[in-house]
Amino acid sequence: MSLGPWQLFLVLIIILVLFGAGKMPQVMRDLGKGIKNLKQELKDSDKLSSNEPDR
């Protein structure tokens, strides 16, 4: 199941209605920070798992 252009457009319109155009930059900034933190945690997790000795 993949999203087509019309579905993405509909989701964007719904988001604009829910949050309003004024809050969109803040919402996108927070989303970007969340993704950045997730990637950082995944990197840290990989480093920790590679440093653990085999049992």
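The chain folds into two helices and zero strands, where helices (H or I, at least four residues) and strands (E, at least two) are DSSP runs numbered from the N terminus. Please keep in mind that this is a predicted model, in which local features need pLDDT of at least 70, side-chain atom pairs count only at pLDDT 80 or more, and totals for chains, interfaces and linings use all residues. Residues are numbered from 1 along each chain as its sequence is written, and side-chain values use heavy atoms, with hydrogens and water left out.

**Overall shape**

- The chain has a radius of gyration of 18 Å, whereas a compact globule of 55 residues would come near 10 Å; the radius is taken over C-alpha atoms, and the globule rule is 2.2 Å times the number of residues to the power 0.38.
- The C-alpha trace spans about 55 × 30 × 10 Å along its principal axes.
- Of the 55 residues, 4% are buried; buried means under 20% relative accessible area, exposed over 50%, and partly exposed in between (1.4 Å probe, protein chains only).

- Helix α1 has 15 residues and reaches 21 Å from its first C-alpha to its last, close to the 21 Å expected at 1.5 Å a residue; the expected span is 1.5 Å times one less than the number of residues.
- G20 follows α1 and has a positive phi, near 85 degrees.
- One aromatic pair turns up in a search of the whole structure.
- The ring centres of W6 and F9 are 6.2 Å apart and their planes lie at 90 degrees, so this pair is edge-to-face; rings of Phe, Tyr and Trp (its six-membered ring) pair if their centres lie within 6.5 Å, with planes under 30 degrees apart counted as stacked, over 60 as edge-to-face and the rest as tilted.
- W6 and F9 are about one helical turn apart because they are three residues apart in helix α1.

**Nonpolar patch**

- W6, F9, L12, I13, L16 and V17 make a nonpolar surface patch of about 640 Å².
- L16 lies in helix α1 (residues 5-19) and is partly exposed at 33% relative accessibility.

**Helix α2**

- K33 sits in helix α2 (residues 24-51) and is partly exposed, at 49% relative accessibility.
- K33 and S50 are 17 residues apart along the chain, and their C-alpha atoms are separated by 26 Å.

Notes:
Patches are made of residues with over 30% relative accessible area and no salt bridge: like charges are joined within 9 Å, nonpolar side chains (Val, Leu, Ile, Met, Phe, Trp, Tyr) within 5 Å. Accessible areas come from the Shrake-Rupley method with a 1.4 Å probe; for residues, only the protein chains shown count as cover. A salt bridge is a side-chain nitrogen of Lys or Arg within 4 Å of a carboxyl oxygen of Asp or Glu.
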